[in-house]
Amino acid sequence: MVSKTLFGLLAVLFCAQAALGLTIISKSEWGGAAATSKTSLANGLSYVVIHHTAGNYCSTKAACSQELRNIQSYHQKTLGWADIGYNFLIGGDGNVYEGRGWNVLGAHATNWNSKAIGISFLGNYNNSKPTAAQIAAAKSLLATAVSRGQIKSGYILYGHRQVGSTECPGTNLWNEIRTWANWKA
């Protein structure tokens, strides 16, 4: 009975994501390592923090998967974190990639991890401009986060530079997100 219930819940979740036009590439699909530990993140969060990885831009699923593995390795092996720092990442291919995922505390913005989900665009957005596909994917991810109850419908969206001393999320992405409905100065 439990497996049928779980299957049904997964089917509903998949359909809800498909209805919103969102497919999330799972960590296992991009070849990610398991987290060494996980801390729960509450629902009903009031904030979202947008980042860029400031690394290599990728425009194919294969290239983005490799970049994700590189970032995760750096976060886990060099920084000693439990997992890749972000909840989700968005590739130049327009795909959303699972990082820590839903309801898992991230390591993306000091003093904000427990009250925000972290979404990072793969690449350096001082150099690159986000594509229409990336923007659409990010907005679909945010809509899904609201529909799941992960964030409140009146959430506040910040660029990393608003909550930390950094250029992140890069000038081009910063200029883009400042036009989004939930961005606040």
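Because the model is predicted, local features need a pLDDT of at least 70 and side-chain atom pairs count only at pLDDT 80 or more, whereas totals for chains, interfaces and linings use all residues. Residues are numbered from 1 along each chain as its sequence is written, and side-chain values use heavy atoms, with hydrogens and water left out.

Helices and strands are taken as DSSP runs, numbered from the N terminus (helices H or I with at least four residues, strands E with at least two). An open sheet is formed by 6 strands in the order β1-β4-β3-β5-β2-β6, with mixed pairing, where two strands pair if DSSP finds at least two bridges between them. The edges are taken by β1 (24-25) and β6, each of which has a single partner strand, so one side of each is left without a neighbour in the sheet. Strands of a sheet pair through backbone hydrogen bonds, either parallel or antiparallel. Here β2 and β5 pair in the parallel sense over 6 bridges, with Ser 120 in β5 as the bridge partner of His 51. Strand β3 (residues 88-90) is likewise parallel to β5, to which 3 bridges join it, and Ile 90 stands opposite Phe 121 in β5. Between β3 and strand β4 (residues 96-98), by contrast, the 3 bridges join strands that run antiparallel, and Leu 89 stands opposite Tyr 97 in β4.

Strand β5 (residues 116-121) has 6 of its 6 residues buried, so it is largely enclosed by the rest of the structure; buried means under 20% relative accessible area, exposed over 50%, and partly exposed in between (1.4 Å probe, protein chains only). In a regular strand the side chains alternate between the two faces of the sheet. In β5, Ala 116, Gly 118 and Ser 120 point one way, while Ile 117, Ile 119 and Phe 121 point the other way.

A nonpolar core is a set of buried Ala, Val, Leu, Ile, Met, Phe, Trp, Tyr and Cys residues joined through side-chain atoms within 4.5 Å. The largest such core holds 28 residues, of which Val 48 and Leu 157 touch the most other members. At least two residues of this core come from each of β2, β3, β5, α3 (132-148), β6 (151-159) and α4 (171-177), and α3 gives the most, with 6 residues. Contact means heavy atoms within 4.5 Å, and, when residues up to four places away in sequence are not counted, those touched by Val 48 include Ile 117, Ile 119, Leu 142 and Leu 157. A second, separate core of 11 residues includes Cys 58, Cys 64, Leu 68 and Tyr 86.

Thr 131, in the loop between β5 and α3, counts as partly exposed at 25% relative accessibility. Not counting residues up to four places away in sequence, Thr 131 touches Tyr 57 and Gly 92. Thr 131 and Leu 173 are 42 residues apart in sequence and 9.8 Å apart in space, C-alpha to C-alpha.Finally, a pocket is an open set of points on a 1 Å grid over the protein atoms alone, with protein on both sides within 12 Å along at least five of seven lines, and its lining residues have an atom within 4 Å of a point. The largest pocket is lined by 17 residues, of which His 52, Thr 53, Tyr 74, His 75 and Tyr 86 lie nearest its centre. The largest share of this lining, 4 residues, comes from α2.

Notes:
On a 1 Å grid over the protein atoms alone, a cavity is a set of points where a 1.4 Å probe fits but cannot get out, and a pocket is an open set with protein on both sides within 12 Å along at least five of seven lines; lining residues have an atom within 4 Å of a point.
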